[in-house]
Amino acid sequence: MLISLLLGALIGWIAGKLMGAKGGFIRNILLGLAGSAVGNYVASSLGVGATNSVGSILIGVGGACLVILVGRWLFKK
């Protein structure tokens with residue numbers, strides 16, 4: 001469980017840096033976990049799967065970037 005949270009934080013942090021988003025450790029964990037779920041769903045829908053940890057992280061980062069993008073569309077300022 002601790003490894004999943006730390007991996008989620010890493011994924012959220014990477015996605016935040018790529019997308020120029022700001023946030024703290026808890027936000028990164030939530031973003032990373034949600035992004036991993038979205039990324040895995042989209043990847044499996046496209047028939048793509050990760051065969052190692054690096055692939056899982058890349059899919060999670062892609063999903064987290066998608067979550068950030070949708071969040072920006074929904075909550076425009």
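Colleague: Is serine 36 buried or exposed?

Modeller: This is a predicted model, in which local features need pLDDT of at least 70, side-chain atom pairs count only at pLDDT 80 or more, and totals for chains, interfaces and linings use all residues. Residues are numbered from 1 along each chain as its sequence is written, and side-chain values use heavy atoms, with hydrogens and water left out. Buried stands for under 20% relative accessible area, exposed for over 50%, and partly exposed for anything in between (1.4 Å probe, protein chains only). Serine 36 has a relative accessible area of 18%, so this residue is buried.

Colleague: Which residues does serine 36 touch, not counting those up to four places away in sequence?

Modeller: Serine 36 belongs to helix α2, residues 25-45. A contact requires heavy atoms within 4.5 Å. With residues up to four places away in sequence not counted, serine 36 touches Ile11 and Gly60.

Colleague: What pattern does the protein chain follow along the sequence?

Modeller: Helices (H or I, at least four residues) and strands (E, at least two) are DSSP runs, numbered from the N terminus. The protein chain has three helices and zero strands. Read along the sequence, the pattern is α-α-α.

Colleague: How are α1 and α2 oriented to each other, and at what angle do they pack?

Modeller: Two packed helices are described by the angle between their axes and the distance between the axes. The axes are lines fitted to C-alpha atoms, for helices over the stretch in contact, and angles run from 0 to 180 degrees between N-to-C directions. Angles under 35 degrees count as roughly parallel, over 145 as roughly antiparallel, 65 to 115 as roughly perpendicular and the rest as oblique. With axes 6 Å apart, α1 and α2 pack at an angle of about 95°, which makes α1 roughly perpendicular to α2.

Colleague: Which residues of α2 make the contact with α1?

Modeller: On the α1 side, the contact involves Ser4, Leu5, Leu6, Gly8, Ala9, Ile11, Gly12 and Trp13. The residues of α2 are Phe25, Asn28, Ile29, Leu31, Gly32, Leu33 and Ser36.

Colleague: Why are α2 and α3 described as roughly perpendicular?

Modeller: Residues of α2 that meet α3 include Leu31, Ser36 and Asn40, and their partners in α3 include Gly60, Ala64 and Ile68. The axes of these two helices come within 6 Å. Because they cross at roughly 105°, α2 and α3 are roughly perpendicular to each other.

Colleague: What is the orientation of α1 to α3?

Modeller: Helix α1 (residues 2-19) and helix α3 (residues 53-74) have axes 8 Å apart and pack at an angle of about 55°. That angle makes α1 oblique to α3.

Colleague: With which residues is leucine 31 in contact, leaving aside neighbours within four places in sequence?

Modeller: Leucine 31 is found in helix α2. Its relative accessibility is 7%, so leucine 31 counts as buried. Leaving aside neighbours within four places in sequence, the contacts of leucine 31 are Gly12, Ala64, Val67 and Ile68.

Colleague: What radius of gyration does the protein chain have?

Modeller: The radius of gyration is taken over C-alpha atoms, and the globule rule is 2.2 Å times the number of residues to the power 0.38. For 77 residues, a compact globule would have a value near 11 Å, with which the protein chain agrees. The radius of gyration of the protein chain is 12 Å.
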